[in-house]
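Subject: Structure handover, aromatic contacts

Hello,

Here is the structure for you to look over.

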Amino acid sequence: GCYVDNANGRILSNTQPASTSQTQEKCITACQTAGYTVAGMEFANECYCGNALINGPALAAESQCDKACSGNPTQKCGGASRMTIFATGNLTVFDVPVPQKTNLPGKWEYKGCLSEGVGRRVWKYQTILTKTNSATECLSRCSEFGFMAGGMEYGTECFCGDVVDIETANATVRPENECKTVCPGDQRFYCGGGSRLTWYAWSLDDPLYKWTYASGNDAGQYRFFVPGVVVPLLTTLGVNGKVQFIEKAGTGPPNSTGAFELDPSLAGDFSKAWRTMRGVKTDVFCSAGMTLPDKAGRQINVGGWSGTSTFGIRLYTPDGSPGTASINDWQENAAEIKLQKGRWYPSGMIMSNGSMLIVGGQDGSNGAPVPSLEILPRVGGVIEMDWLRRTDPYNLYPFIFVLPGGGIFAGYFNEARILDPATFETIRTLPQIPGNVNNPNAGRTYPLEGAAMMFPQYAPYSDPVSEAVSLDNDLD
């Protein structure tokens, strides 16, 4: 039929290029090719597509679609603000849209129309949802990733963040009639406008998360208690009650040994609190560190920056006690003991039998992948892992933990699996680790800069084991 266009906005959401050879067939084919079910021609040479008529169009008399198609004068292609409509199947016609204020997911509440920030976005986490954007789709994504504010802009854009970001960006509340772009995923509703957000907030009566804070002595405190002498790469609390630091070569002064020990009990006397250690002979940059499960509490550091460093095995046996001098130094001798494969950014883990598992890395700074495992003390050769090769270079410093049930958890990029501790075959492939709200496939291991930790278990140890994996990247 013939419909009135643009009384409340365009009645079809997709605009095709105008053509001096426009015909009904040409426009219909263009819309079908683009995946739409409705085609409309206007003013002789214009073509529009969609899956429904939007913005409350009125049906006009056929005589008002009086323009001959520019490519076929025997056909009619709309008129002035009139559109000749063809559809596959039943034609859906939506009323004039409104902001969605009811039937929202979870505890979301409509807040209004908001300007973008001054010189910046209100919320940086943006997802483009060309055909599916709506309040339901966008806000469900936001709350799934823990965001308590979100909104839609210019129809297809979904943003997530926090309410505090609005003030930080100097955004302002705007009249509702400035947020009048139709949602492609639900054309009954508006999804913002140009530099305007239809925005929502999660109810504070039932927040997604709550923070609790200890008080008094339970809260602890931060305080400056001794000047530092090192910018450490690795810091370890030793069994001797002291703290050991090792640094990347070149971080400290040219004559730095790269290793120091702090006795906190002597923090009031700077000259006695710090001890310069020796014995580190190669660059520990991006190495892995572990504390051995022996009575001496020995510390081991493996891998490193480049060349001989990547094969490095460095060992320290803590001695002394708080207030009593220590004399032991680090030991390193690549001619006597080294890794089978050079590794930059490996992970190390103490296995349940006391052996050390060394996983992954590259053969030097931004070098070729080393997609393998090896055991210390040496047992056999290296074991190649296809899942490490496949996800290079986004699997450095993989997350590895011994599980209470006896398996080994391995998390890398956006994947995870449980390994058999004897054969290192995969026992179980776990679901994909979620990335971030605007890129669910984003990874979490270096260079994407996430971190992981196991939560403690308590007697009778019957609760499922839990693990937290964080994410710190803006790869959109």
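What follows covers the ring pairs, and then the charged side chains placed over rings.

Please keep in mind that this is a predicted model. The count comes to 15 aromatic pairs. One of these is formed by Tyr345 and Tyr397, an edge-to-face arrangement with 4.7 Å between the centres and 75 degrees between the planes. This pair joins distant parts of the chain, with the two residues 52 apart: Tyr345 is in the loop between strand S24 (331-332) and strand S25 (347-350), while Tyr397 is in the loop between helix H5 (386-391) and strand S29 (399-402). Tyr345 is buried, at 6% relative accessibility, whereas Tyr397 is partly exposed, at 28%.

A second pair, Trp387 with Tyr412, is tilted, at 4.6 Å centre to centre and 35 degrees between the planes. Trp387 belongs to helix H5 and Tyr412 to strand S30 (residues 408-412), so this contact ties together parts 25 residues apart in sequence. Trp387 has a relative accessible area of 3% and is therefore buried. Tyr412 also counts as buried, with a relative accessibility of 1%.

Tyr345 and Tyr397 also belong to a cluster linked by ring pairs, together with Phe285, Trp305, Trp344 and Tyr446.

Trp305, a member of that cluster, also has a charged neighbour: Lys248 lies over its face, 5.6 Å from the ring centre. Elsewhere, Lys131 places its charged end over the ring of Tyr36, at 5.5 Å from the ring centre.

Regards

Definitions and conventions: Residues numbered from 1 in each chain as written. Predicted model: local features only at pLDDT ≥ 70, side-chain atom pairs only at ≥ 80, totals over all residues. Heavy atoms only, no water. Phe/Tyr/Trp six-rings, centres within 6.5 Å; stacked < 30°, edge-to-face > 60°. Helix = DSSP H or I, 4+ residues; strand = E, 2+ residues; numbered from the N terminus. Buried < 20%, exposed > 50% of the residue type's maximum accessible area, 1.4 Å probe, protein only. Lys NZ or Arg CZ within 6 Å of the ring centre and 35° of its normal.
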